[in-house]
Structures are given as C-alpha cells and as structure tokens.
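Let's take a friendly walk through a protein structure. Keep the sequence and the picture side by side as you read.

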Amino acid sequence: MISRDDIRQSFQAAFPIMLGYVAIGIPCGILSNSIGMNALQVFVMSIVFYSGAGQFMIPNMWIAGAPMASIIASVSLVNTRQMLYSAAFAPVCRTANKLLSFMFAASVTDESYGVNVIKFEEGGWTVARATMVNAFSNSSWTLSNVLGVLVGDAIGIPLAVAAFAMTSIFICLLLDQKMTPSNVVAIVVAFIGVFVCKCVGLSGPAILIGAVCGVVAAMVFATVRGESLHGEADGSREAEVS
C-alpha cells in the first residue's frame, strides 16, 4: 500500500528532474510542432515513447530530410541504453510485484536512473517509490512537451536554439564531471569517435558509437594505470582501507 510519505519522498526525489524536464521539454515540443505534430500526438508520443534524446532526434532528422527507416534505426540504437538501466535494477525487483517491476523498468530514464540508484544505495527505498519518481518525471516531461507545442509559435524561439537544448544539457553534465585522466580519455575518444562516424556518413549511430568507444577506452586506460574510473589509485585506496 502506497502511503502519503511514499508519495512525498518520491516527489522530493523527482522534483529536480521535473524542473530540468521543463527546460528541455518545451524546446522539444516546439521542434515537434515544427514538423506538423499537434498537441495530442506529442502527448501520446511523450507517454508511450518517453525518450528525451529520441524525441529530439525525430524532428531534427525529419527536418534534415532523413528517410523514415533511418530515423527508426537511429532512435532505436540510441535507446538501447534503456535496457541496461532496467537490467541494473533487476536485483532490487526480485521481491517486488511483477506488474510494478515491469512499469518501473519500462519508465526508467537517464535522470531517474541516477536518482533511484542513489536512493537504493542509501537504503529504505522501494520499487514503488522508484516507480513514482519515474511517473512524476514522465508527467513533467509530457506536460512540458505539450506546452512547447501550444506556445511554440507565440514564444518564437528559433529552431536552431530549440534543437541545441538537449546538447546544452549534456555539456552541463560534462563540465560538472571531475576531470580525471580517465575522464579526459573518455571525452577525447568519444569526440573522435563521433567525428569519424559523421565523416563517413554514420550520423545516426554516431553518438552511441562515440560514447561506447569513449567508455571502453577509459576503462582500458584505467586498468593499465591501475586506478579506478574516478581517478583513485587502487593501491592508495587499499592502503586507506587497511
């Protein structure tokens, strides 16, 4: 049974995500409106599809004249990461209701994944609360997208600015990272990977391929140097523990 305290704590955990989704949801709605989607279509897509990066890709690729098959393949590739997020929560869902676990796994996003991981590590967190975090986040994203459709013409934001909203979010996340040697390697290799993909015509999966290359390179670099991905030498950390 879900209590008022469950709702309160879930809302508090989801609130920062909800604010962030307003900032990027409205530009996404504006872009969707630019390719002829109405408020109802965007509402349904946001609930059923619920992928920030994917929903930004659809209008951007449509405007660029990409074929439908290319759009579907590219968005599908980008969203494969959702399966990893869901799989990561399998241990905490073992004793939970199967339907609730399905709803939770189907609604995980980058941001809610990060929040729920921390909450589960702190202890006292449940799958029901985690699912409500996803639901609150989804509501904010959906309403923000619809708002972007409704007021897009009135605001008059240039499409180029609206399209850059998602990119700016990732830039902010990047600048917030600790610049360890491993992270620098990941950034440089990912950048090169994306650049090379675009040069050879693989614009759709370029980000996914670049990200995978960056992570793998950072892991290999950290292993060779004998340190964690956070920049701590394994030997020094063992000494601290002992």
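## About the model

This is a predicted model, in which local features need pLDDT of at least 70 and side-chain atom pairs count only at pLDDT 80 or more, while totals for chains, interfaces and linings use all residues. Residues are numbered from 1 along each chain as its sequence is written, and side-chain values use heavy atoms, with hydrogens and water left out.

## The overall fold

The protein has 13 helices and 0 strands. Helices (H or I, at least four residues) and strands (E, at least two) are DSSP runs, numbered from the N terminus.

Of the 242 residues in the protein, 37% are buried. Here buried means under 20% relative accessible area, exposed means over 50%, and partly exposed is in between (1.4 Å probe, protein chains only). A contact means heavy atoms within 4.5 Å. Among contacts between residues at least 6 apart in sequence, 72% join residues at least 24 apart.

## A network of charges

How many salt bridges does a search of the whole structure find? It finds 3. A salt bridge is a side-chain nitrogen of Lys or Arg within 4 Å of a carboxyl oxygen of Asp or Glu. Asp-5, Asp-6, Arg-8 and Arg-129 are linked in a network of such bridges.

Start with Arg-8 and Asp-5, whose side chains meet in a salt bridge at 2.4 Å, N to O. These two are 3 residues apart in helix 1 (residues 4-34), so they are separated by about one helical turn. Arg-8 is partly exposed at 42% relative accessibility, and Asp-5 is partly exposed at 30%.

Asp-5 also forms a salt bridge with Arg-129, with the closest N and O atoms 3.4 Å apart. This pair links distant parts of the chain, since Asp-5 sits in helix 1 and Arg-129 in helix 8 (residues 127-155), 124 residues apart.

## A buried serine

Now find Ser-46 in helix 2 (residues 39-48). Is Ser-46 buried or exposed? Ser-46 counts as buried because its relative accessibility is 0%.

The side chain of Ser-46 makes a polar contact with the side chain of Gln-55 at 3.3 Å. A polar contact is a pair of N or O atoms within 3.5 Å; within protein, one must be able to donate a hydrogen and the other to accept it, and residues adjacent in sequence count only if both atoms are side-chain atoms. Leaving aside neighbours within four places in sequence, Ser-46 is in contact with Gln-55, Asn-138, Trp-141, Thr-142 and Asn-145.

## The cysteines

How many disulfides are there? The count comes to 0, where a disulfide is a pair of cysteine sulfur atoms within 2.5 Å. Cys-213 is in no disulfide, and the nearest cysteine sulfur, that of Cys-197, is 6.8 Å away. Cys-213 is partly exposed, with 34% relative accessibility, whereas Cys-93 is buried, with a relative accessible area of 12%.
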